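Look at the structure before reading on.

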Amino acid sequence: MTRYAKEKKGLTRRTFLTGAAFTGVATAAAAAGLAGCAPTGAEEVSTDRAGNAAQTSDLAIAAVPVAEAGEPARECDYLVIGGGNCGMMSAAHAGSLGLSTILLEKSSVTGGSSVGTEVTMAFSDCKIMQECADDPNVINMSQPTGTYDELYTYFMMHNSWEANAELVSNYVKNNHRQHDFLYEHGAYPMMLLPSLDAPGGGIMYEGQGVGAFEVMQAAAEEYGVEIITSAPATALVVDEAGAVAGALAKIDGESAFVKAKAVFVGTGGFSNNQEMIERYIPGYGTLAWKNDAHLAHDGDGIRMMLGAGAVESDLSLAQPSASSVENVAWDTPIDKAAREPYVWVNAVGKRLGNEKWSVMDVMFKVGIKENDYVYFNVIDSAAVERMASEPLMTSARTVLGSSDPVPDMAEALEQGVSDGTVFKGETIEELAAAAGIDAEGLATTMDAYNKMAKAGEDTEFFKDPAALFPVDQPPFYAFRLIPSWYSTLCGVKINGKIQVVNGQGKPIPGLYAGGLDSGEFFKDNYNHGFSGGCSGYSYFTGFFAADQVKEYIDGLQ
C-alpha cells in the first residue's frame with residue numbers, strides 16, 4: 001500500500017491512507033478528544049421526533065449563520081467533508097455529474113477506512129459479476145445472488161424490521177451502480193465471493209480497499225474535484241432559512257468559509273472520541289480493541305450535523321470483529337489460538353454456546369452480553385499439538401488470512417504465560433485460579449463437555465462434531481477475550497434519499513450524510529454473513545447522495 005504525497009499548500013493528488021502514515025495524526029486527535037472541536041455555545045439545537053430537545057447540546061458544534069461566516073474563500077456546488085470511502089465516492093460521482101466539487105480531508109492523506117476494506121457487497125445485477133465471472137485470473141467462488149425481494153427481506157429481517165425501508169430498498173436497487181462506476185473507471189476484481197448464509201455476494205477488488213479507493217480518487221481528479229488535505233471542517237454554515245450553505249474549515253492554517261449549495265458529511269464515526277464512547281457505548285466500548293484506532297474518527301462530523309439540527313441514530317452500535325486478547329497483536333499465534341472453537345466460558349465457568357463460529361458477530365456478541373464484557377477460551381495440550389500440525393478450524397480475521405498450522409504454537413503460548421496474556425494450569429482447578437474463573441463452575445462445565453465430546457455429539461449447543469474435541473490433556477491454557485470492533489456504526493438520522501433529517505423527520509436542506517456518520521440502515525446489528533455490508537453501504541451512500549444533490553441543486557435554479 002503505497003502512499004503518494006505530492007503536496008502543495010495543503011492540497012494533495014493521488015494520496016491514500018496507510019495505517020502507519022496516519023498514526024501520529026490520529027493519536028493527537030484522539031488525545032485532544034472533544035477539546036479540538038469545542039461546542040460554540042448552541043443550546044438544545046437537536047430535537048427528537050416529537051420536537052423535544054435531545055440531550056446533545058453539549059456535544060453539538062453549533063452551526064454558524066452565513067452572515068457571520070465571512071467572505072467565502074472558495075465556492076462550489078458540492079462540498080464533501082471526509083476523504084474516505086463514502087466521501088471520495090461521492091466526490092467522484094458528483095464530478096461526473098458536472099457538479100463543481102471540493103473535498104476536505106482533515107488528515108494529510110486521503111483514504112480513511114479503505115485500508116481495512118476487504119470485500120464489498122455486490123449483487124448479480126452489477127457488470128463485474130456478469131462480465132468477470134469467467135476470467136481465469138479472477139478467483140470466482142460466487143453464486144447467483146437473490147432477487148431484490150429476497151435481498152430486501154433478508155436485510156430488513158436481520159435489523160428487526162427497524163431499518164429505514166426506503167433506504168434499504170434504494171440500497172438494494174442501486175448497489176450495482178457504484179460498482180459499475182468503479183468498473184468503468186478501471187477497477188477490476190481479484191475475487192468474487194458469495195455471502196455466508198445470505199442471498200448476497202461480494203467483490204474483492206485488485207488491491208482490496210486501497211485499490212478501489214485509488215480508482216475513486218483518480219476519477220475525482222479526472223472530473224476536476226478539488227481535494228484539499230490537512231483541512232479539517234470545524235462547523236457547518238447555515239442560511240437564514242436553516243439550509244446548509246457550506247462549512248468553515250482550517251485551510252493552510254487559516255479559518256476559511258467554503259461556500260456550497262449542498263454538503264455531504266462522511267468522517268468515519270467516533271471510535272476515538274473517548275467521551276462519546278463513554279456516553280453511548282459504556283462498558284464494553286471503553287474496553288474494546290478498536291481496529292480503527294489509527295484513524296482520527298473523533299465524531300466531529302456527527303457533532304457538526306447535530307449543531308445544524310440533526311438527531312442521533314443508534315450511536316450505541318459498532319461493527320464487530322472477532323474478539324481479541326488484550327495486548328496481543330492480530331493474527332499472531334496467541335491471537336489465532338484464542339479464537340479456535342474449543343470451550344468458551346464466562347467468569348463463573350459456564351459454557352456460553354456453540355463455539356464453532358462462522359461470522360465474527362458470534363464472538364463479539366458472546367462477549368458483550370456478559371456482565372464484565374469478557375469471556376475465556378479453554379484449551380488443552382492436545383489442542384496445542386493439533387494447532388501446530390493441522391490446519392486451524394477457524395480462518396484468520398481477514399479474508400486472505402491463513403489457516404495454516406502454527407509449528408511454534410507451544411513456544412508462543414509459554415511466552416504468553418510469562419508475559420501474562422495466557423493463563424496456564426496443570427489441572428482445571430489450577431487454571432481456574434490463574435485465570436480468575438470460578439473453579440467449581442469450570443470443573444463442572446469441563447466434565448460435561450468432555451463427556452459429550454467423547455460421545456461425539458454436543459447435545460447442549462449442537463457444535464459441529466468436526467470441532468468437538470475433548471479438552472482433558474494437561475497442561476491447560478485459557479485466553480481472556482475482550483470485544484473487538486472495526487468502527488462505530490451509526491451517526492445521525494437520514495432518510496431514504498441520504499438527506500439528514502431533523503427532530504420532526506424533515507430533511508435539513510442541503511445536508512447529506514453517509515457511511516459511519518449516518519444511521520437508519522444498521523438498526524440491530526452488523527451482519528457479517530452479508531459480505532462487505534459496511535463498505536457497500538459507504539460506497540452507496542456516497543454515490544447515491546451525489547444523485548440526490550444534483551436533483552436538489554437543479555431545483556434551486
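Is C132 buried or exposed? C132 is buried, with a relative accessible area of 0%; buried stands for under 20% relative accessible area, exposed for over 50% and partly exposed for in between, using a 1.4 Å probe and protein chains only.

## Basis

This is a predicted model, in which local features need pLDDT of at least 70 and side-chain atom pairs count only at pLDDT 80 or more, while totals for chains, interfaces and linings use all residues. Numbering starts from 1 along each chain as its sequence is written, and side-chain values use heavy atoms, with hydrogens and water left out.

## Cysteines

Zero disulfides turn up in a search of the whole structure, where a disulfide is a pair of cysteine sulfur atoms within 2.5 Å. For C132, the closest cysteine sulfur is that of C126, 8.6 Å away, which is too far for a bond. C76 is also a buried residue, at a relative accessible area of 8%.

## The whole chain

The chain has 557 residues, and 59% of them count as buried. Among its contacts with a separation of 6 or more, 75% are between residues 24 or more positions apart; a contact means heavy atoms within 4.5 Å.

The secondary structure consists of 16 helices and 23 strands. These are DSSP runs numbered from the N terminus: helices are H or I with at least four residues, strands are E with at least two.
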